[in-house]
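Here's a quick tour of some helices and charged pairs. Have the structure open in your viewer as you read.

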Amino acid sequence: MLGLKLATDPRWAALAETNIEEILTDHAWCEQKAATNAITIITLNSEHTDLVTDLLTLAQEELQHFEMVHEIIKKRGYKLGRERKDSYVNELFKFGITGGSRKQSLVNRLLFSAMIEARSCERFKLLSKKIKDPELSKFYHDLMISEAGHYTTFIGFARKYGEGIDVDKQWEDLLKFEGELIQNYGTSETIHG
């Protein structure tokens, strides 16, 4: 369903498990950034009532996920560390957000968002299957399902509001780029690292 060109090496999950506090902190900030991204899309495209409605719900879910991760951090006696730079997302952003008309900018942002959700979904699935901690295994399984829904929301709106734009070709180009990009990641205890 996701169309990712390169699956995450399962060794990444083992690496993530060596530093649960770090992976949880990074994950918490990813959820905060996802909520902020949805609000940004709403702010720039408020004339699309259905998009505003659905992305408000999505932003609220992302904030709930942030809260859920923070609760796990507190419960385990960890501290929420400082926000981390996400080089993967920044490189993806540079490729996917390339200007053009207002409509093109919307499509670009929606496809960029869909890609992040797709990769997060894939990583959460891997964590849910490989991590030995039963609480985190279930948690990441549940979040995987949510991320798949977010992916579908973003890609659906890109197709809906991309009239006159070859959205499927842009998506394929982004998938190809991401498949090459992700080869540089998977070696740190971060969601996209």
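Let's start with helix 5, which covers residues 102–130 in this predicted model. It has 29 residues and reaches 42 Å from its first C-alpha to its last, close to the 42 Å expected at 1.5 Å a residue. Is helix 5 enclosed or open? Of its 29 residues, 23 are buried, so helix 5 is largely enclosed by the rest of the structure.

Helix 7 (residues 167–181) has 15 residues. From first C-alpha to last, helix 7 reaches 20 Å, close to the 21 Å expected at 1.5 Å a residue. Its buried residues are Val-167, Trp-171, Leu-174, Leu-175, Glu-178, Gly-179 and Leu-181. They cover an arc of only 155 degrees around the axis, which puts them on the same side of helix 7. The background is simple: an α-helix has 3.6 residues a turn, so residues three or four places apart point the same way. And what covers the buried residues of helix 7? The cover includes helix 4 (87–96), helix 5 and helix 6 (134–161).

Now for the charges. The structure holds 16 salt bridges, including these:

| Asp-9 | Arg-11 | 2.5 Å |

Glu-135 lies in helix 6 and Lys-75 in helix 3 (residues 49–75), so the pair ties together parts that are 60 residues apart in sequence. Glu-135 is partly exposed at 32% relative accessible area, while Lys-75 is exposed at 61%.

The Asp-173 and Lys-169 pair takes us back to helix 7, where both residues lie. They sit four residues apart, about one turn of the helix. Asp-173 has a relative accessible area of 35%, so it counts as partly exposed. Lys-169 is partly exposed too, with 46% relative accessibility.

That leaves the salt bridge between the side chains of Asp-9 and Arg-11. Are its two partners buried or exposed? Asp-9 is partly exposed, with a relative accessible area of 34%, whereas Arg-11 counts as exposed at 64% relative accessibility.

How values were computed: Residues are numbered from 1 along each chain as its sequence is written. This is a predicted model: local features need pLDDT of at least 70, side-chain atom pairs count only at pLDDT 80 or more; totals for chains, interfaces and linings use all residues. Side-chain values use heavy atoms; hydrogens and water are left out. Helices (H or I, at least four residues) and strands (E, at least two) are DSSP runs, numbered from the N terminus. The expected span of a helix is 1.5 Å times one less than its number of residues. Buried means under 20% relative accessible area, exposed over 50%, partly exposed in between (1.4 Å probe, protein chains only). The arc is that of the directions from the helix axis to the C-beta atoms. Contact means heavy atoms within 4.5 Å. A salt bridge is a side-chain nitrogen of Lys or Arg within 4 Å of a carboxyl oxygen of Asp or Glu.
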